[in-house]
Amino acid sequence: MIFRLAFGSLIARALTVGMTILAIALSVALFLGVEKVRTGARDSFADTISGTDLIVGARSGSVQLLLYSVFRIGNATNNVTWESYEDIANREEVDWIVPISLGDSHKQFRVMGTTNEFFDRYKFRGGRSLDFAEGQGIGDLYDTVVGADVAETLGYKVGDPIVVAHGLASFTEHDDQPFRIAGILAKTGTPVDRTVIVSLEAIEAIHVDWQTGAKSAGPATPVEQIRQMDLQPQAITAALVGVKSRLQIFGLQRWINEYSEEPLLAVLPGVALQELWQIVGVAENALIGVSAMVVLTALIGMMAMIFSSLNERRREMAIWRAVGASPVTILGMLVLEAVLMAAIGAALGVVILYAGLMVFQPWADAAYGIWLPIEAPSLYELQLLGAVIMAAALASLVPALRAYRLSLADGMMVRI
Amino acid sequence: MTKAALELSDVRFSWPGKGGFALTCPTFALGQGESVLLLGESGSGKSTLLSLICGIVAADQGEVQVSGTDLGKLRVGARDRFRAENIGVIFQQFNLLPYGRVADNILLPLRFSPERRKRVGDSSAEAARLCADLGLPDGVMNTPAGRLSVGQQQRVAVARALIGRPPLIVADEPTSALDAATQDTFLELLFRQTREAGSAVLMVSHDERLGDRFDRVIRLEDIVKTERAAA
């Protein structure tokens with residue numbers, strides 16, 4: 001009955017209570033949303049590469065190497081010569097090696113030169129392989145395989161011609177050498193979805209007439225002539241390496257890092273990711289801190305609302321006292337009231353969160369490649385909700401203690 | 001002699017830090033089932049006396065006995081429970097929780113008094129009976145208390161005070177918010193029910209005209225002395 005009366009009391013003050021609950025709900029939705037985006041981003045990143053033991057590139061930072069080779073974020077400072085690549089490929093420990101050549105773009109998507117082995121060796125989300133939604137791998141020099149997002153955004157089908165642009169934000173197009181779409185990959189939720197894949201030789205081919213970044217004057221070399229040329233690349237951007245035995249990873253890594261012909265860097269993807277989290281962690285903590293402050297603000301708002309209601313409810317308190325309620329009961333009722341508001345607010349916040357997820361999930365995936373899973377709240381999230389309700393109970397103790405003192409002093413005799 | 005419903009002897013009380021308002025009551029008693037009208041203006045110590053009788057505050061010295069129990073010997077929490085078990089309270093106005101149903105309001109004291117609850121038995125039926133006897137319309141039990149007229153609210157307050165037949169009913173100017181005609185009916189109903197329940201009634205008012213309905217009429221200043229320390 002006390003529960004029902006406490007509930008009735010809240011409903012009787014529907015407007016102020018509603019505002020307070022809305023504030024709590026929004027703050028909880030924000031708090032959980034930040035958490036969702038954070039874990040979603042982490043999982044999306046962590047799911048992007050698997051099965052690769054080492055990433056090799058020119059010597060820079062391990063995070064930078066990871067970002068440009070796997071996530072297509074940022075650029076390589078330098079290349080790896082073909083000789084170095086072959087030296088590594090010939091090492092006894094190496095089971096497989098897939099070269100990657102970056103630097104060109106198609107519309108807003110990056111172009112990556114590699115070999116057909118990439119489609120077999122690249123693994124994501126705990127060992128899943130790339131699948132072709134349509135078509136097949138690269139068969140011809142001017143064949144290309146595009147990721148799911150590329151095909152969807154640009155409306156490509158197998159057999160469509162496309163033209164690759166030089167550089168990343170360039171209007172100079174390699175329009176003398178159009179490509180043909182040979183295959184479209186199934187959706188992976190990784191940067192591969194937003195990549196146009198061509199053969200290493202094709203990267204060489206479209207740069208035949210280019211010297212140090214500018215198109216040389218004179219007529220373009222005809223395609224037929226290019227097809228006859230030796231298109232062995234001089235350099236690549238990076239390489240993904242798998243070793244025969246995991247025990248050999250560190251030995252090979254050291255050998256590559258100490259390679260004397262040119263400065264190289266080999267990193268374990270997992271270790272580089274950890275380093276990345278350390279950097280991102282600061283921003284994450286700031287975000288969590290800010291959203292926690294928003295929750296705190298909402299709870300302080302609730303505290304103020306209970307405070308301001310106390311005066312007009314002194315008569316109500318007197319009735320409770322008259323029928324035998326102790327001051328402790330009155331204190332308990334105010335805490336119960338706060339817990340009710342916080343619980344309803346938290347529940348509403350979860351509803352807002354899921355509604356928001358449904359709206360923003362496709363957008364976050366398309367724009368940032370972050371997959372925000374819509375699933376039942378995790379234990380951690382439930383703990384967070386519990387903590388919010390606990391905090392509400394604690395915050396309500398301040399006005400509740402005042403009500404306690406008031407009801408001790410007023411007793412049942414309040415004149416209104 | 002049977003235990004008095006209420007008995008005060010050599011009571012002295014002063015509010016802590018309230019301008020030093022102090023009250024003494026050498027002796028005052030109320031027999032079982034007796035009805036007494038206590039006449040007093042506001043500021044005459046009425047509220048303080050009622051707080052003492054209801055065990056909201058404890059006397060500094062002397063005894064306040066309700067049904068033979070000295071309230072001063074009870075701890076704070078026990079006094080609250082004792083009040084719930086033994087005293088029905090009716091205020092001047094705003095007696096009810098407006099957001100609660102009438103039934104919730106009437107049954108509220110039982111929530112804090114297990115013995116009274118036991119005495120009642122079927123509490124809903126008893127609440128319905130009281131409502132009917134007090135002339136409240138059918139189906140009033142499920143109405144939110146805030147929707148009733150003032151007169152109806154006061155009758156619901158009587159039902160709440162009387163449920164479980166507590167030995168003492170304390171009414172603080174329960175009729176002052178009612179017009180003359182309603183006042184009469186209200187008192188009529190109140191006395192019929194208290195007689196039936198065997199409860200003693202202590203009513204405080206400044207309205208002498210109510211006096212002929214009571215067994216005794218006492219002026220507050222005859223039993224209580226108040227002093228206000230020079231501020």
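Trainee: What are the ground rules here?
Mentor: This is a predicted model, where local features need pLDDT of at least 70 and side-chain atom pairs count only at pLDDT 80 or more, while totals for chains, interfaces and linings use all residues. Residues are numbered from 1 along each chain as its sequence is written, chains are lettered from A and ligands numbered from 1 in the order in which they are written, and side-chain values use heavy atoms, with hydrogens and water left out.

Trainee: OK, the interface. How many residues does each chain put into the contact?
Mentor: Chain A gives 26 residues and chain B gives 30 residues, contact meaning heavy atoms within 4.5 Å.

Trainee: And how much area do the two chains bury between them?
Mentor: About 2500 Å², with 67% of it on carbon and sulfur atoms. Buried area is the accessible area (1.4 Å probe) that two parts lose on being put together, summed over both.

Trainee: How many salt bridges between chain A and chain B?
Mentor: The count is 2, a salt bridge being a side-chain nitrogen of Lys or Arg within 4 Å of a carboxyl oxygen of Asp or Glu. One of them pairs A:Arg4 with B:Asp104, whose closest N and O atoms are 2.3 Å apart.

Trainee: Which helices of chain A supply residues to that side?
Mentor: H1 (2-12), H11 (314-322), H12 (327-368) and H13 (379-410) each supply at least two residues. H11(A) gives the most, with 7 residues. Helices (H or I, at least four residues) and strands (E, at least two) are DSSP runs, numbered from the N terminus.

Trainee: Switching to salt bridges in general. How many over all chains?
Mentor: The search of the whole structure finds 31.

Trainee: What does A:Glu337 pair with?
Mentor: A:Glu337 forms a salt bridge with A:Arg313, the closest N and O atoms being 2.7 Å apart. The pair links distant parts of the chain, 24 residues apart: A:Glu337 is in helix H12, and A:Arg313 is in the loop between helix H10 (269-312) and H11.

Trainee: Are those two buried or exposed?
Mentor: A:Glu337 is buried at 2% relative accessibility, and A:Arg313 is buried with a relative accessible area of 5%. Buried means under 20% relative accessible area, exposed over 50%, partly exposed in between (1.4 Å probe, protein chains only).

Trainee: Which residues are in a network with them?
Mentor: A:Arg13, A:Arg313, A:Glu316 and A:Glu337 are linked in a network of salt bridges.

Trainee: What about A:Arg194?
Mentor: A:Arg194 forms a salt bridge with A:Asp149, and the closest N and O atoms are 3.9 Å apart. A:Arg194 is partly exposed, at 22% relative accessible area, whereas A:Asp149 is buried, at 9%.

Trainee: And B:Arg83, where is its partner?
Mentor: The partner of B:Arg83 is B:Asp80, with the closest N and O atoms 2.8 Å apart. Both lie in helix H2 (residues 76-86) of chain B, 3 residues apart, about one turn of the helix.

Trainee: Last topic, the backbone. What is phi of B:Arg165?
Mentor: Phi of B:Arg165 is near 45°, a positive value in a residue other than glycine. Most residues other than glycine have a negative phi. B:Arg165 sits in the loop between helix H6 (150-162) and strand S7 (168-172) of chain B.

Trainee: And B:Glu173?
Mentor: Phi of B:Glu173 is near 50°, also positive. B:Glu173 is in the loop between S7 and helix H7 (180-197) of chain B. B:Glu173 is buried, at 7%, while B:Arg165 is partly exposed, at 41%.
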